[in-house]
Amino acid sequence: MVVNDIEIMFGGQAGDGSLTTGDLIAGVFKRMGLEVYTYKDFPSRIRGGHTNYVIRASEHPNWGMADFVDCLVAFDLEAVEAHLDELRPGGFIIFDNSSEPIPDGVRRSDVTWYEVPLAKIAKSDLGLELVRNTISLGVLSALIGMDRSIVRELVSNAYKRKSEKVLDQNLRAIEAGEQYVERHFAEWPSGYALRAGADGDRLIMMGNDAIGYGALVAGCRFMAGYPITPATDVLEWMAKHVPRFGGIAVQAEDELSAINMVLGAAFTGVRAMTATSGPGQALMTEAIGLAGVLEIPVVVIECARTGPSTGMPTKTEQSNLNHLIFSGHGEIPRVVLAPGTVEDSFYLTVDAFNLAEKYQCPVFVLSEQALCQSKATLPSLDLSRTSVERGKLQTEPVVFGEYKRFAFTADGVSPRVIPGVEGGMHLAAGSEHNDAGVITESALNRRRMMDKRMGKMESMRDDLPKPIIHGDPQAEIAIFGYGSNRGPIGEALERLWQAGIAARFFEFRTLWPFPEAEVRAFVEGAVHVFVVENNYTGQLERLIRYVVGPLEHMHLVNKYDGRPFRPIEIIDPIEKYALLRVPMEVRR
Amino acid sequence: MAAVLTPKDFATATPSWWCPGCGDYGVLSALKAALADLGMQPKDVAFISGIGCSGKISGYLHSYAFHGVHGRALPVATAVKLANRDLTVIAAGGDGDGYAIGAGHFLHAVRRNPNITYIVMDNQTYGLTKGQSSPTSQTGYVTGTSPQGNPDAPINGLAVALAAGASFLARGFSAHPKQVVELTKAAIKHEGFSIVEVMSPCVTYNKINTYAWFKENIYYVNEAPDYDPGDRSHAFDVLSREGKIPLGIIYQDSRATLESLSHLGTTPLAQLDIVSRSPAYAAMQEAYR
């Protein structure tokens with residue numbers, strides 16, 4: 001019997017309501033005290049096309065997907081055929097056989113099949129085919145032992161906004177699902193069980209919610225964006241909430257406009273941001289260079305997806321790291337932060353606004369589809385840990401002629417006036433300029449200005465979010481990773497430890513300026529170094545190699561099929577190269 | 001009480017680098033005079049320009065000036081106004097900046113109707129890159145990039161803006177300073193997005209659309225006593241007619257501004273208290289329990 005560790009995959013056609021039911025399952029797990037991670041695997045269209053929603057529940061905070069799917073809820077044969085090979089031996093399938101049976105050739109004998117005419121029951125007994133999702137929740141609930149009163153409470157909450165009738169249909173659907181299991185499958189236990197614990201002081205939210213919330217708490221009162229998967233949620237979140245705090249969220253005509261609006265707003269002194277994904281990020285590149293040279297604080301949320309070009313808009317990837325760090329003509333100071341959890345998405349977004357304003361430069365928060373559109377459980381957010389640090393913002397009058405907007409200072413940061421301040425009038429020009437803002441092509445001034453601006457990369461070092469070192473810091477096996485990979489790497493670390501293998505894990509939170517000293521210190525004494533990332537070329541691995549030099553036993557563990565890592569995909573190479581001493585394949 | 005200023009108070013110490021005789025001098029002088037006449041203070045003026053000869057103008061106006069990237073002055077200016085309604089926001093750029101690389105933003109600024117002024121300095125050529133054809137160059141205009149003559153038809157920026165829902169359209173000629181001052185003042189006073197297109201001859205590269213040519217090819221719409229700038233179809237008519245170029249206030253109406261429709265308060269966003277930890281922040285977590 002597997003207790004409190006299950007991954008459910010809810011598969012069907014896009015637009016059939018599986019999202020609501022998936023959220024309900026996640027909510028029930030959370031209320032039962034479990035830790036939850038969800039992953040949405042949707043096609044880039046609104047109706048039709050195979051879609052699935054993965055819900056992982058365990059007793060471990062911040063874990064991601066499991067090695068395998070434990071339970072597949074399949075509303076059609078396509079879902080079975082697409083995902084049967086991902087099912088764990090000993091797992092089970094809930095299959096809606098209303099319209100088609102399972103062909104013999106498809107069946108796997110090492111999993112349990114629960115065939116239920118969900119759609120038929122929905123239509124004939126409840127009068128609404130749509131509630132087949134809710135019936136399947138009843139079936140699942142009975143098979144794994146969900147708390148029946150929590151299930152009813154959450155279903156009521158979800159449907160009470162609709163009519164009394166719809167609510168009643170859904171509550172009866174739960175009942176119907178549970179009863180079907182009692183009548184037909186009493187002899188066939190699923191092999192999975194849940195043991196409820198206290199929910200405690202916890203939340204469940206999506207990464208993009210945490211980013212929006214963090215921005216609001218950080219004092220962001222202006223956002224401009226252009227809808228793009230998977231970043232749109234941030235614009236929608238801000239549009240919903242920021243007006244209550246006196247601010248505004250603008251839907252621009254394109255990303256060029258969005259980022260230029262953010263610059264304009266930030267020029268007036270308000271904390272401003274945009275959120276986008278790869279294609280939009282590419283369009284914003286020129287204006288981000290402008291923010292660097294004008295020394296205007298802007299925050300850019302990058303919710304990465306699979307590229308290049310349109311790529312796979314609803315799939316995950318970590319292939320935009322180079323772009324965030326190196327894109328643009330000319331050189332500017334910039335910061336790239338990368339949260340590894342929904343919780344850290346909140347805190348790092350707050351940090352991003354403070355860093356942007358203290359160092360007057362663009363700051364990116366890099367998330368990715370497998371984190372920003374995933375829901376996870378997290379402890380209540382501690383608002384006392386947040387503060388607003390405005391750096392050298394100058395709102396009192398200054399003396400015109402004496403005041404210099406781009407004054408040379410020890411830390412490279414100049415006092416910043418905003419329009420309306422008496423005496424502070426100046427030109428903010430993308431052309432090279434002197435300390436007073438006057439355009440000049442003087443060689444001496446150019447050197448001094450570059451030194452001033454780029455020097456901020458050094459003066460900010462101590463202020464940057466620190467990496468988290470997980471596991472045994474003395475272990476011979478060292479792992480680097482960031483973003484959504486924190487989940488599967490964290491689980492791999494724990495399972496290797498259970499198997500008697502120690503490992504250490506460096507979780508980046510600041511990716512730029514690159515934490516060179518920390519990286520060098522971390523690899524001290526390591527025999528095998530693994531860099532785990534979701535891209536083809538090993539963008540992070542190259543940065544590390546640039547800092548530590550060639551290491552004999554440095555392995556790139558990469559994945560570029562648009563899907564997040566499963567822990568076994570990290571454990572396997574570690575066992576192969578580090579424990580079995582298989583010689584490393586050299587790709588380049 | 002702030003002192004009454006003169007046009008000189010809006011001058012910067014930076015010498016201007018336009019060619020002698022450039023039409024842009026007239027635009028700058030008119031803008032300074034308009035701001036002084038309207039009793040503006042430099043600290044309350046945000047002046048945003050694009051790239052090109054015209055884009056250099058922001059360096060010559062004593063104000064909070066922003067010289068950004070090519071074609072993007074309007075998104076910057078729109079956001080400045082949304083963020084701080086106390087500022088007088090003026091954007092300026094050339095025909096290339098506004099009608100080519102920035103054409104998309106032009107349309108959207110028109111339909112949003114923020115209370116800002118946009119001055120398009122139209123010289124019908126790309127001056128700073130040494131005289132290539134621009135979106136307002138005449139068909140057949142011979143340049144380095146169009147040695148056999150420009151094959152494209154010129155864009156009619158004001159007609160496009162009218163179709164997109166513009167609430168204020170004016171056109172001036174930079175050799176007529178008095179009129180340009182009045183048009184600029186009317187534009188700044190207009191509640192909404194006001195466009196002043198100023199025919200601003202390029203004396204170096206455009207040997208066709210010269211001062212002399214303009215003098216022969218312009219007229220003021222208010223020369224006709226019955227011209228009604230509130231009549232949209234009349235405005236369309238004069239803008240689309242072949243022949244002489246209409247100048248003056250061509251169209252004006254009153255419709256709600258972007259700021260008023262955005263449900264924004266009047267406090268500049270930078271003055272909102274963001275440092276205090278609002279109790280409302282914590283309350284928001286309840287939705288995620």
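How far is the sulfur of Cys220(A) from the closest cysteine sulfur? Keep in mind that this is a predicted model. In it, that closest sulfur belongs to Cys303(A) and lies 14 Å away, which is too far for a bond. A disulfide is a covalent bond between the sulfur atoms of two cysteines, and here a pair would have to come within 2.5 Å to count as one. Cys220(A) is also buried, at 0% relative accessibility.

Search the whole structure, over all chains, and you'll find zero disulfides.

Back in chain A, let's look at a sheet. Seven strands make up this open sheet, in the order 11-10-12-13-15-14-23, and their pairing is mixed. At its edges sit strand 11 (248–251) and strand 23 (510–512), each pairing on one side only. On average, neighbouring strands here are turned by 20 degrees against each other, ignoring direction.

Zoom in on strand 10 of chain A, residues 220–225: it runs parallel to strand 12, residues 271–276, and three bridges join the two. Across from Met223(A) you'll spot Met273(A), which is in strand 12 of chain A.

Last stop, the surface. Leu579(A), Leu580(A) and Val582(A) together make a nonpolar patch of about 260 Å². Val582(A) comes in the segment after helix 18 (568–579) of chain A. With a relative accessible area of 31%, Val582(A) is partly exposed.

Definitions and conventions
Residues numbered from 1 in each chain as written. Chains lettered and ligands numbered in written order. Predicted model: local features only at pLDDT ≥ 70, side-chain atom pairs only at ≥ 80, totals over all residues. Heavy atoms only, no water. Buried < 20%, exposed > 50% of the residue type's maximum accessible area, 1.4 Å probe, protein only. Patch = residues over 30% accessible without salt bridge, like charges linked within 9 Å, V, L, I, M, F, W, Y side chains within 5 Å. Areas by Shrake-Rupley, 256 points an atom, 1.4 Å probe, with all protein chains shown as cover. Salt bridge = Lys/Arg side-chain N within 4 Å of Asp/Glu carboxyl O. Helix = DSSP H or I, 4+ residues; strand = E, 2+ residues; numbered from the N terminus. Pairing = 2+ DSSP bridges. Axes fitted to C-alpha atoms, helices over the stretch in contact; angles between N-to-C directions.
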